[in-house]
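Student: I would like to learn how to read the helices and strands of a protein model. Could we go through one together?

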Amino acid sequence: MIYTCTMTPSVDYTTYLPSFQAGTLNRANQVNYYPGGKGINVSRVLKRFGITSTALGFIGGFTGDYIAQKLEEEGILTEFIQTNKITRINVKIRASSATELNGPAPIISKKLQQELLAKINSFEENDWFVLAGSIPSSIAPDFLEAIAETCKQTGVRFVVDTSGKALQQLIKLKPYLVKPNEHELGELFHTTITTTEQAIHYGKKLIAEGIQYVIISLGSKGAIYISNDIIAIADPLQGEVINTVGAGDSMVAGFIAACSSQKNKIDAFRYAVAAGSATAFSNDLCEKSLVESLVQNVTISPYSN
């Protein structure tokens, strides 16, 4: 089974209008709202590939009920842990430029954290556990260590897609796969990454830490795959970028989907790049048909220094 975990899910409310003026009434032409959060995005993309997953995390109130209901309507299994706080709403304003208003992260009690850890402890060998998105400040470092140790003991493939201090700590715990972008990778090593060579240099340091696989997304410059035995570079696909929200999550989902179909890791990387690009070229998360049409155009070259 594939499990995704979003510690701070949200209802994402996106409003579209021709122009936005602060301090006055603005009337939208169109609005969309949907379950938000990086782990949730991974589950939604996996479902579009025909792969079942279970979404975990902490939800509460009417907004939490909406998230669970919508995911279940899409055929995604859910095992959310209920809190006594209303799940946040993130407002995204799309006009001539984009503006976002994100609600505060919830406070997750020790009791609720232990409920999540108990679920993780029930996973089976070779299951996937994808921890994606921001980690609230109420989550202590020792809890993240407990998650990593539990995955290690049970043989669960632990995938990390977060940033900041949480990523710095989780790197030391040797997850199965990490997927930083170039900015997150630079933050890890207190530097700014501007070239592919720099990204590879620091990506190799992650492998040296004991991580098995690293995928670095470079946005319009493509992506990099690094393991103990190979480094590969994917050229960017050509297309009109419409939406970058969820592109990185789609890469994670594409990689896991391909691995679940017994593809080798380079082919899985190819599928990840196609999935991320398909989302970037779409108004919403990618559809399988577009991914399948793009994957044959992904050019991957082995890197040799």
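Student: Which strands does helix α2 lie across, and at about what angle does it run to β3?

Tutor: Keep in mind that this is a predicted model. Helix α2, residues 61-73, lies across β2 (10-16), β3 and β7. Its direction is at about 85° to β3.

Student: How do strands of a sheet pair?

Tutor: Strands of a sheet pair through backbone hydrogen bonds, either parallel or antiparallel. Here, four strands form an open sheet in the order β3-β2-β7-β8, and the pairing is mixed. At the edges are β3 (30-36) and β8 (98-101), each of which pairs on one side only. On average, neighbouring strands of this sheet are turned by 15° against each other, direction ignored.

Student: How many bridges join β7 to β8?

Tutor: Four bridges join them, and the two strands run antiparallel. Strand β7 covers residues 89-94. As an example to find on screen, I93 stands opposite T99 in β8.

Student: What describes two packed helices?

Tutor: We use the angle between their axes and the distance between the axes. Take α1 (residues 38-48) and α8 (residues 247-260): their axes come within 8 Å and cross at roughly 45°. The two helices are therefore oblique to each other. Their crossing is right-handed.

Student: Which residues meet where α1 and α8 are in contact?

Tutor: From α1 come K38, N41, V42, V45 and L46, and they meet D249, S250, V252, A253, I256 and A257 in α8. Sorted by type, the residues of this contact are seven nonpolar, two polar and two charged.

Terms used
Residues are numbered from 1 along each chain as its sequence is written. This is a predicted model: local features need pLDDT of at least 70, side-chain atom pairs count only at pLDDT 80 or more; totals for chains, interfaces and linings use all residues. Side-chain values use heavy atoms; hydrogens and water are left out. Two strands pair if DSSP finds at least two bridges between them. Axes are lines fitted to C-alpha atoms, for helices over the stretch in contact, and angles run from 0 to 180 degrees between N-to-C directions. Contact means heavy atoms within 4.5 Å. Angles under 35 degrees count as roughly parallel, over 145 as roughly antiparallel, 65 to 115 as roughly perpendicular and the rest as oblique. A crossing is left-handed if the near helix is turned anticlockwise from the far one by less than a right angle, and right-handed if clockwise. Ala, Val, Leu, Ile, Met, Phe, Trp, Tyr, Cys and Pro count as nonpolar, Asp, Glu, Lys and Arg as charged, and the others, Gly among them, as polar.
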